[in-house]
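Please have a look at the model below before reading on.

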Amino acid sequence: MNWTDERVEKLKRLWSEGLSASQIAAQLGGVSRNAVIGKVHRLNLPGRAKAGGTVATTRPATKRPTATASTPRTTTFQARVAPARNTVRTAGATALKDEMDMETAQVLEYVPVNNATLPTSLRLTLTELTERTCKWPVGDPLKDDFHFCGCEASEASPYCKFHAKMAYQPVSERRRA
């Protein structure tokens with residue numbers, strides 16, 4: 001693709017109007033977004049104008065309430081969660097506005113599992129491990145009480161059944177997390 005004088009002038013005009021490189025590439029046709037960006041840099045064009053104006057004109061300033069003696073400060077996360085609110089987003093460099101509802105994150109409560117049975121660790125050191133022992137590390141390696149599980153491991157895994165379930169999660173559970 002050759003950059004003719006006509007196409008360069010159109011690029012300069014569209015760039016000064018605040019269009020993005022992708023939008024300019026679509027209007028020029030036969031040129032990629034990266035080619036537009038490269039040409040803009042080679043022409044030393046100034047940063048493109050913002051289509052929606054400045055940030056101060058699009059977003060009104062809001063005051064935060066300050067904590068006083070009459071309003072006690074909340075200490076729990078549940079009390080600080082903001083309610084759902086409407087937000088306005090702009091679509092690309094155009095002045096189109098789209099309203100959408102945003103919900104705040106839900107607070108999940110951690111409930112430990114009580115029916116899990118831990119295997120009795122044989123507390124082996126590194127030199128005591130064999131091909132048939134579980135090599136799951138327990139504790140901090142820099143501390144004196146560091147050891148390995150040492151229970152009987154299957155032939156297909158370096159870990160016992162309990163630690164293999166912790167180490168190898170099914171694909172569906174990993175995607176959920």
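Is Glu 152 buried or exposed? Glu 152 is exposed, with a relative accessible area of 62%; here buried means under 20% relative accessible area, exposed over 50%, and partly exposed in between (1.4 Å probe, protein chains only). This is a predicted model, where local features need pLDDT of at least 70, side-chain atom pairs count only at pLDDT 80 or more, and totals for chains, interfaces and linings use all residues. Residues are numbered from 1 along each chain as its sequence is written, and side-chain values use heavy atoms, with hydrogens and water left out.

**Salt bridges overall**
- The whole structure holds 4 salt bridges (a side-chain nitrogen of Lys or Arg within 4 Å of a carboxyl oxygen of Asp or Glu).

**Pairs in helix α1**
- Glu 9 and Lys 12 form a salt bridge, with their closest N and O atoms 3.9 Å apart.
- These two residues sit 3 residues apart in helix α1 (residues 5-17), so about one helical turn separates them; helices are DSSP runs of H or I, at least four residues, and strands are runs of E, at least two, numbered from the N terminus.
- Glu 9 is partly exposed at 47%, and Lys 12 is partly exposed at 34%.
- Arg 13 pairs with Glu 17 at 3.4 Å between the closest N and O atoms.

**The loop-to-loop link**
- Glu 152 and Arg 132 meet in a salt bridge of 3.4 Å, N to O.
- This pair links distant parts of the chain: Glu 152 lies in the loop between β4 (147-148) and α6 (161-167), and Arg 132 in the loop between β2 (97-102) and β3 (137-138).
- Arg 132, Glu 152 and Glu 155 are joined in a network of salt bridges.
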